[in-house]
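Dear colleague,

Please find the structure below, followed by an account of what was found in it.

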Amino acid sequence: MAKKKLFDKLPSCYAGKILRIDLTTKTTSIIPTEKYANDYIGGRALANRLYWDEVKDGNVPALSAENTLIYMNGPMSGTGLPYSGRAVMTGVSAKNIPEQYTHSSCGGYFGTVLKWAGYDGFIITGKADELTYVLIDDDKVSFESAEELRGAYVQATQEKLFEKYGRRSSSLVIGPAGENCCRHASIVTHADSAFAKPGFGAVWGYKNLKAVVARGTGTIAPADVDAVMRIHDWEDNPPKGKPETGDYLNTIEFAEFSGPTEPYRQVFNSCNPACNHRCMITRCGLTNPLDPNGDKVSMVGKCLDEQICIMRADNFFAFGAYIDFPRQNKPGNYKWMFPQVADPEDPLLDVYMQQYDGNLLNMWGPDFNFGTMINWCCNEYGLDKWDIGFWLFTWIYQCQEEGLFDDGKVDFGRPIDFEDPQFAKHILDCMTYRQGPMGDLLAEGVGRMIRALGKEKYGDTLRHGIFTRDGEERLTPVSWEASWGEPSHWQGRGFQGCEKNIWASMNLVNMIGARDEAGGGHSHDSYENYLTYKDDPCHSPLLIKATIHNNRRSEMKDSLVLCEYKDPDPGRPNLEVEFIKAAIGVDMTKEEIDHIADRGKLLERAILMRDHGRTRDMEVAEVYPWMTYEDPWGQTVTWDEWNDFVDLYYQAYNWDLETGWPTKEAWEDVGLDDIADFFEKEGKIPVENPNYVRKANPFDR
Amino acid sequence: MKNDHIIQYPEEYSHCIGCSSCELFCSLVHDGVTGPCRGGIKLELGKLSTLMNKVYVCEHCEDHPCYEACPKKDRAMCVDENGTVYINEEECIGCGLCARACKLTPSRITMDKKNRKAHKCDLCRTREDGPVCIKRCPVVCLGLASDPLPYDPEKLGGAK
């Protein structure tokens, strides 16, 4: 399919400029958005192309002046469309093992304000000679000393910048964890919207970049205001649709719930302007865990906080199941992601609710105050809650249960106590400030810490005491690391005990990228299709088709940029078409949109191949071992079964079975002829090998 | 005595989370664009640690000192048959006298210095669906003073 020219003149939903920032030389330059927007639309797809063009050799350490980070809005940001305020960041991840190119997305208001200042995105290179923040004040960009902000918590940093530049400014900041190059450090904006998973906060810290502040007086205009309004009307009163089978969650049961010890108010809210989804949870009037005698605080979070704080859910995401929410702050129209907000009249609802019958995890006694301490420390230190809550603390707990710390060789500098919130703070202090006997190891991230301690013992030892609901014990490693230095996420073990068709699909997605494709990449398909492959998902072209469909939605979610809590929406298959028409004013077919999505996806593969030597052997070896542990139904994959599935996937993308490299036609089909030429010179255009024989299983567990 | 105007409900009923939808849609329906703050409705963001936010909007006072102060009264600053005080921007010369005459703090009239125009709430008087800020507030924390309250003030509890 030929590239479609979307527009002759850049529409007014774009700001028009991308800012190149060199921290070393303290200089900036401008790239016109127009150069890229036609072919790559925005967000992740555009960032991928920018990265390919700007970075000629991305095989650099994450913590280096040479690591280039790209922040990109999409055309939807700031237009008033619902759930459109997100943005993406790409670059070499500090947390991935091995370090490699990946991406993250973030909500909040910064993206909209940046557009009002005149920029669709920015590129950060180099390293400042002192702790610095970059001030983008309409056309004026300056490099300011941030030494007075050194060590400041995330919110204190933002408040200080508000004082200087007004509350209509917006900032992306790092906390002390980023300053100290902790590989779980996040970049945060507003109240707990964060670029978290790839550890980009550590990269900013290494580069001596404390914050980027934006203040703008410009405007952004959607192509069709009435269409924006109609979309909001629809979202406020969505017609009933049929839920899909999908990523519903395993039920988890914890021990007796403890706390909270004081009354508080809990409300739903949205994380970005004009969003009507209210998927964030704010708890108001809580004691500040880091300053118990100070003012009460309001703590923002979403699904993850629910898990960490409450830890008592018959369903993992049991929003509203046990707490009386105020009258109007209630959850909005989610996609069919959470069974409890699915259409209660749908005749298939019972089926979905019965399918997922997960593990009894037997984790530590759920404690509101313990969870709140984790949340607040992560918010203020600038740490990734997912890895801290789901990986670090579960790892400590599971190692302790298996007696791995009994020999005293691992010394956290304080007795392990899951009843004491101060233990949580102590661990996060050690990680953030690199203090105590384990500080430096913790700051290197859970995956690297476990490798340094000895993965065979501290990572792969099997945890006992996890049972299915029918009482059968399931053994999984004490570390829930699944692939690329990431903890399991929709990969069938750990917290997400989804069915095999889902975790197999999700592992394919993770396999060809470098992280979990949370949100947009959640596995979705029709119930009818599910019935055809549920007993043998790894040989189903239909599941491959669904996986690629979900890949495309994920790409577009991060390119427009929309929110993973809504897109894809099975109840609204024309969502992207309508949003593009309303914001950009262009008629696009779904096929044309998919074409851009595929182009973005292949650009990511091009970067992984060019900079990190990505091959089939590498990525299959990365994801396969985790799937050899039993899921809640006792399911695994065999080596051949998994490789059959990979074959189907590669064939669908027209990639070589032996190397995993796209064919010349695959590049050219999405309009990346120049990249095909590049790889031809590099000798990485695959030639079909008639003697190709699949390698034998190298894993013998 | 005040004419009809936008009010912010008590936080016990609905918590304004500072999403700025009210401001953004005010700009969209009046100007077709989003911008930092058109001025029809003003959101004052509270501290991040508390997230207690306030909305300020014209109360369409019956004595309307802004109208009285306008040198182009009835052409630039006008009052309609419902007592809604509004600005005819084509006639506005951006002198700022109305903003200074507003007796509320902060002034409910915003000066657009770049374009030399004043902006204030006009209750979306020509919009069929009524004020867009009310319609689009995702947490229903805005309403009209004249409408029956959607809650019983007697039954509003404090913290849960």
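Helix 2 (43-54) of chain A and helix 20 (residues 590-612) of chain A cross in a left-handed sense, meaning that the near helix is turned anticlockwise from the far one by less than a right angle. Helices here are DSSP runs (H or I, at least four residues), as are strands (E, at least two), numbered from the N terminus. The model is predicted: local features need pLDDT of at least 70, side-chain atom pairs count only at pLDDT 80 or more, and totals for chains, interfaces and linings use all residues. Residues are numbered from 1 along each chain as its sequence is written, and chains are lettered from A and ligands numbered from 1 in the order in which they are written.

The axes of helix 2 and helix 20 of chain A lie 9 Å apart at an angle of about 40°; axes are lines fitted to C-alpha atoms, for helices over the stretch in contact, and angles run from 0 to 180 degrees between N-to-C directions.

An automatic or database assignment divides chain A into domain 1 (17-215) and domain 2 (504-509 + 527-627 + 639-682). In chain A, 32 residues of domain 1 touch 24 residues of domain 2, and helix 2 gives the most to the domain 1 side, with eight residues.

Between the chains, chain A contributes 42 residues and chain B 31 residues to the contact.

Yours sincerely

Terms used. Two residues are in contact if their C-beta atoms, placed from the backbone, lie within 7 Å.
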